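Okay, thanks for making time, everyone. Let me put the structure up, and then I'll walk you through a few parts of it.

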Amino acid sequence: MSDKLEKELIALDKKRLSIRKKYKDKLINSKKKTNNKDYIFFPKSIVSEKNYQLRYGLSWLQNGFIIKKGDNVIAVDPGVNFVLRLTESGFDLSTITHIFISHSHLDHSADANVLMDFMIRAKSAVKIIAPKSVYEEKVISDFHSGLKPKFPVNHSAIIIDESSEVELLNGYKMKFVSLHHSVECYGFKIYGDNENYTYLSDTSYTKELLTKNNECVAINDVKNYMENVVSKSCYNHVKDFSKDSKILITNIDSFLYTKNSKTHLPTLDLLEIIKESNIQKIILAHINPIGELKYEDWGMKLAKYVYKTTGIQTFAIKEKGLLLNIS
């Protein structure tokens with residue numbers, strides 16, 4: 001019996017390795033060339049209504065998107081299940097050329113190593129762009145980043161700060177803005193051909209609020225939420241960085257000022273940022289509808305409010321994702 005079972009296991013082992021090689025060869029040989037169209041792509045959600053554990057426990061599962069400009073295909077803030085969501089959305093991972101991670105939090109970086117490991121197996125190379133703390137906290141392993149590999153990998157790590165400028169492909173460049181979050185965090189601007197595309201990751205904007213009674217309230221002192229207030233003092237460099245963007249992609253947490261507004265943008269702060277700007281289009285990202293609300297009840301209404309208030313065309317991510325052509 002044991003001899004028969006042993007032979008069966010040996011045969012299955014050989015079959016398993018043969019199947020593995022077949023798919024590896026298919027992966028390497030079937031890489032798609034990037035098309036000529038430029039786009040911003042948010043993959044679809046894989047969280048169902050019935051999965052209450054994910055809906056309540058990890059309601060920011062939607063994080064991460066792709067921006068393609070020229071030959072640059074940049075995976076931005078690859079959060080939880082990002083690789084699976086891209087795959088389920090029919091996206092070819094092997095076309096990715098860069099990975100940008102704004103900060104070390106799980107919902108912005110959880111799938112970074114998964115994605116880079118895939119690229120190694122697909123014999124592709126990427127440039128990782130991230131602040132120093134992301135590497136120091138081992139959010140990206142030394143092996144996957146290419147900083148201290150035990151085995152040869154083609155990845156390369158770029159450490160950024162507010163003074164950095166990164167050369168991309170086709171003459172495009174990327175520069176960065178320091179954001180006000182609970183950890184070191186950066187947004188970016190891709191520019192070239194007289195066009196700017198800006199991403200604001202998690203950040204606060206207002207330092208102090210002014211009530212209708214002319215009372216000053218520090219944003220850090222907001223306990224729950226506040227209505228009928230206006231921003232009194234702000235981090236104006238964030239506004240200056242964004243004002244000339246063709247498209248602004250910005251993370252949004254709420255409509256009103258809440259206790260989270262000390263580290264995340266409310267929609268009311270977004271209105272302050274885009275006031276008197278030359279921004280042509282806005283994409284609302286990181287909104288949190290999966291856990292508490294449905295997209296149509298939340299993201300779409302936020303986008304409608306921004307459009308009605310500013311006249312700027314505004315998009316929100318739906319459950320099926322979002323594809324916006326920008327060429």
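Let's begin with contacts along the chain. Counting those with a separation of 6 or more, 66% are between residues 24 or more positions apart. One thing to keep in mind throughout: this is a predicted model.

Now the overall picture. We've got 11 helices and 19 strands in the chain. There are 327 residues, and buried ones make up 50% of them. For those of you who like surface numbers, the accessible surface is about 16,700 Å², with 50% of that belonging to carbon and sulfur atoms.

If you want one to click on, take T211, whose bridge partner in β14 is V229.

While you're there, find L209. Leaving out its neighbours within four places in sequence, L209 has a whole list of contacts, including C216, V217, V229, V230 and Y257.

That brings me to the cores. As a general point, nonpolar side chains in soluble globular proteins tend to be buried together. So which residues touch the most other members of the largest nonpolar core here? They're L209, L270, I274, I282 and L284, out of 33 residues in that core. The elements giving two or more residues to this core are β14, α8 (236–242), α9 (267–274), β17 (281–285) and α11 (295–310). Of these, α9 gives the most, with five residues. Apart from this core there's another one, of 28 residues, and I160, Y172, Y186 and I190 are among them.

Last stop: S104. You'll find S104 in the loop between β4 (98–100) and α4 (106–109). Buried or exposed, what would you call S104? It counts as buried, because its relative accessible area is 12% and the cut-off for buried is under 20%. What does its side chain make a polar contact with? That would be the side chain of E137, at 3.0 Å. Setting aside neighbours within four places in sequence, S104 is also in contact with S109, V134, V139 and V183, among others.

Definitions and conventions
Residues numbered from 1 in each chain as written. Predicted model: local features only at pLDDT ≥ 70, side-chain atom pairs only at ≥ 80, totals over all residues. Heavy atoms only, no water. Helix = DSSP H or I, 4+ residues; strand = E, 2+ residues; numbered from the N terminus. Buried < 20%, exposed > 50% of the residue type's maximum accessible area, 1.4 Å probe, protein only. Contact = heavy atoms within 4.5 Å. Areas by Shrake-Rupley, 256 points an atom, 1.4 Å probe, with all protein chains shown as cover. Pairing = 2+ DSSP bridges. Core = buried A, V, L, I, M, F, W, Y, C linked by side-chain atoms within 4.5 Å. Polar contact = N/O pair within 3.5 Å; in protein donor to acceptor, adjacent residues only side chain to side chain.
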